[in-house]
Amino acid sequence: MLLIDAGNTRSKFAWWNTSTDEIEILGAISHQSWLNDLSQPLKDLLLEVVSGRQIEREQQAIGCSVAAVQVMDTLNSSLAELGIKVAWQKTQAEQLGVVNGYRTQPERLGSDRWMALLGCHEQVKTNALIVDAGTALTLDWLSAKGQHLGGWIVPGRQLMLNALGQGTANLKGITIDDIERDGLAAGTNTFDGIAQGTEAALTGAIAQAIHLSESCFSQEPFEVVVTGGDGEHLMRTLSGKFRRYDDLLFKGLRLCADNLNS
Ligand SMILES: Nc1ncnc2c1ncn2[C@@H]1O[C@H](COP(=O)(O)OP(=O)(O)O)[C@@H](O)[C@H]1O
Ligand SMILES: CC(C)(COP(=O)(O)O)[C@@H](O)C(=O)NCCC(=O)O
Ligand SMILES: [K+]
């Protein structure tokens, strides 16, 4: 079954092999690659990521989305052209043993965060701090019993670059590739200064969250679980024992797929 994670930067695709119960990450399509360039129709890009074999076999997909409506309209119509209908999952107050920490408006929690919580509860049997480094860096605290304690939302690397470009006279047009560095040091030029400053902001938020976890989890042990497109970069700077699960959200979707036809 095709699993779809539609984020604010990219749509990611995975294949759940229902006979082996394995999840294979298929790839990602950045929205910019087709939103501005109509010569690259999304349908063709989808066929590069999802093989014909997979499309013929299963007409039903399952997904979650935090993307803009116009992205979802094009994604749904392109998938429909391939004969694929998506069961888009919504955030719940409680599901599969996880209780949403947004007590007043549970549906406001991003469905990507909710799917990662469901996947983490099934994968990680201890208390967990989930770090999802996407367009925004989200951090969520999940107790071993499945209680979501809440979380943080921090602008991701690209958003911080955009903000510097929009808000200053001298820092326009700097791209992620200009600031591709690892580790933390004092920057001795503008690009280094921005590279190190954005890295420090992201890893600093994670360090603060780890510190807060001691009280969140009342001094019990906890795991730091890292996921998301920027997770690999962050892992190179973060010291300490972290586990990277690039399929946490897909694990959550796979669990929801069991109840699809019920
Ligand atoms: N190949 C890539 N394409 C786009 N963004 C990437 C890539 N590798 C890392 N990133 C970083 O990850 C972020 C996108 O991560 P992802 O989890 O796919 O985002 P989202 O779920 O928010 O769409 C980007 O903002 C960028 O900082
Ligand atoms: C915080 C997010 C933008 C992160 O999305 P992403 O960076 O993965 O594209 C998304 O989870 C969202 O739109 N959340 C809704 C608000 C909330 O979670 O409180
Ligand atoms: K995400």
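**Two ligands in a predicted model**

Colleague: How do the residues of the shell around ligand 1 divide into nonpolar, polar and charged?
Modeller: Ala, Val, Leu, Ile, Met, Phe, Trp, Tyr, Cys and Pro count as nonpolar, Asp, Glu, Lys and Arg as charged, and the others, Gly among them, as polar. By that division the shell around ligand 1 has 2 nonpolar, 8 polar and 3 charged residues.

Colleague: What kind of model is this?
Modeller: Residues are numbered from 1 along each chain, chains are lettered from A and ligands numbered from 1 as written, and side-chain values use heavy atoms, without hydrogens and water. Local features need pLDDT of at least 70 and side-chain atom pairs pLDDT 80 or more, while totals for chains, interfaces and linings use all residues; the model is predicted.

Colleague: Which residues come nearest to ligand 1?
Modeller: A residue counts as near if one of its heavy atoms lies within 4 Å. There are 13 residues around ligand 1, and those that come nearest are Thr9, Arg10, Lys12, Thr135 and Gly229.

Colleague: How far is a polar side-chain atom of threonine 135 from an oxygen atom of ligand 1?
Modeller: A polar contact is a pair of N or O atoms within 3.5 Å. Arginine 10 brings a polar side-chain atom to 2.7 Å from an oxygen atom of ligand 1, and glycine 229 brings a backbone N or O atom to 2.9 Å. For threonine 135 the distance is 2.5 Å.

Colleague: How much of the accessible area of ligand 1 does the protein cover?
Modeller: Accessible areas come from the Shrake-Rupley method with a 1.4 Å probe. On its own, ligand 1 has 570 Å² of such area, and the protein covers 74%.

Colleague: Which domains each give at least three residues to the shell around ligand 1?
Modeller: Domain bounds come from an automatic or database assignment. The domains are domain 1 (2-88) and domain 2 (94-157 + 184-253).

Colleague: Which residues come nearest to ligand 2?
Modeller: The shell around ligand 2 divides into 5 nonpolar, 6 polar and 3 charged residues. Of these 14 residues, the nearest are Asn8, Tyr102, Asp112, Arg113 and Ala136.

Colleague: How far is an N or O atom in the side chain of tyrosine 102 from an oxygen atom of ligand 2?
Modeller: Asparagine 8 has a side-chain N or O atom 2.8 Å from an oxygen atom of ligand 2. For tyrosine 102 the value is 2.7 Å.

Conventions:
Polar contact = N/O pair within 3.5 Å; in protein donor to acceptor, adjacent residues only side chain to side chain.
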